[in-house]
Amino acid sequence: MSVDTPRRIVLLRHAKADWPETSDHERPLADRGRKDAPVAGRRLADSGIAFDLALCSTAARTRETWKLAVHEFAHRPKTVYEERMYEASLGELIALVNETPDTVENLLLIGHNPGMHALADALAGESEGDLLPRMNRSGFPTAAFAVVTFDGTWKSVEHGVGKLVDFWAPHA
């Protein structure tokens with residue numbers, strides 16, 4: 001794969017979580033989250049993006065979101081459950097993206113806010129139409145996703161390299 005190959009990174013925030021008496025890491029999805037996750041999965045499947053790799057936080061709510069969303073896909077991508085995504089800072093998320101093998105064309109991250117929103121905002125040096133202001137106004141709600149395209153290697157991913165080409169939220 002050439003370094004000039006257009007690549008996509010899709011950032012999916014976990015669906016709405018419940019607040020039971022448990023650790024934050026083990027919080028499950030709420031009823032609304034269990035309804036929204038497959039809707040987000042269907043919307044991603046309808047986008048036509050063939051994901052090569054999915055990196056998913058190890059938190060219960062992200063694993064459950066991914067399990068419900070991926071059932072909507074025609075092809076299940078290789079999935080890596082990545083502990084470093086839980087409570088990751090923007091810098092830590094960029095470092096994870098930089099580790100992606102260059103054989104990967106389309107990468108999906110299933111994670112948390114504020115990280116997913118911060119990463120989408122940081123990578124999007126430009127956007128189609130009003131997507132960037134719309135994403136920033138929305139606050140990147142649960143089960144929302146952003147699609148950012150860029151050219152180059154994963155090691156070259158840094159602030160402003162990409163273009164925000166899609167943003168979707170289930171209740172927008």
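## Contacts around Phe-140

Contact here means that heavy atoms lie within 4.5 Å. In this predicted model, Phe-140 touches Leu-11, Arg-13, Asn-113, Met-116, His-117, Ala-120, Met-135, Phe-145, Ala-146 and Phe-167, with residues up to four places away in sequence left out of the list.

Apart from neighbours within four places in sequence, Ala-146 is in contact with Ile-9, Val-10, Leu-11, Ala-120, Met-135, Phe-140, Leu-164, Asp-166 and Phe-167. Between Ala-146 and His-171, which are 25 residues apart in sequence, the C-alpha to C-alpha distance is 15 Å.

In soluble globular proteins, nonpolar side chains tend to be buried together. The largest nonpolar core of this model has 31 residues, and the members that touch the most others are Ile-9, Leu-109 and Phe-140. Two or more residues of this core come from each of S1, strand S2 (53–57), H3, S4, H4, helix H5 (131–138), S6 and strand S7 (162–168). There is also a second, separate core of 17 residues, with Ala-69, Val-70, Ile-110 and Trp-168 among them.

## The sheet

Strands of a sheet pair through backbone hydrogen bonds, either parallel or antiparallel. In this model, seven strands form an open sheet with mixed pairing, in the order S3-S2-S4-S1-S6-S7-S5. The edges are held by S3 and strand S5 (124–127); each has a single partner strand, so one side of each is left without a neighbour in the sheet. From one strand to the next, the twist averages 25°.

S2 and S3 run parallel and are joined by five bridges. Opposite Val-80 in S3 stands Leu-55. Helix H2 packs on the sheet, where it touches S1, S2, S3 and S4, and its direction makes about 145° with that of S2. Helix H4 also packs on the sheet; H4 touches S1, S4, S5, S6 and S7, and its direction makes about 150° with that of S1.

## The buried side of helix H3

Helix H3 spans residues 90–98, and its residues Leu-93, Ile-94, Leu-96 and Val-97 are buried. These residues lie on the same side of H3, because they cover an arc of only 155° around the axis. The buried residues of H3 pack against strand S1 (6–13), strand S3 (78–82), strand S4 (106–111) and helix H4 (115–123).

Arg-61 is part of helix H2, residues 60–70. Its relative accessibility is 5%, and residues under 20% are classed as buried, so Arg-61 counts as buried. A polar atom of the Arg-61 side chain lies 2.6 Å from the backbone oxygen of Asp-24. With neighbours within four places in sequence set aside, Arg-61 is in contact with His-14, Ala-17, Asp-24, His-25, Arg-27, Pro-28, Leu-29, Tyr-86 and His-112.

Lys-35 is located in helix H1, residues 31–46. Its relative accessibility is 61%, so Lys-35 counts as exposed. Along the chain, Lys-35 and Ala-69 are 34 residues apart, and their C-alpha atoms are separated by 10.0 Å. Ala-69 is included in the second, separate core.

Methods: Residues numbered from 1 in each chain as written. Predicted model: local features only at pLDDT ≥ 70, side-chain atom pairs only at ≥ 80, totals over all residues. Heavy atoms only, no water. Buried < 20%, exposed > 50% of the residue type's maximum accessible area, 1.4 Å probe, protein only. Helix = DSSP H or I, 4+ residues; strand = E, 2+ residues; numbered from the N terminus. Arc of directions from axis to C-beta. Polar contact = N/O pair within 3.5 Å; in protein donor to acceptor, adjacent residues only side chain to side chain. Core = buried A, V, L, I, M, F, W, Y, C linked by side-chain atoms within 4.5 Å. Pairing = 2+ DSSP bridges. Axes fitted to C-alpha atoms, helices over the stretch in contact; angles between N-to-C directions.
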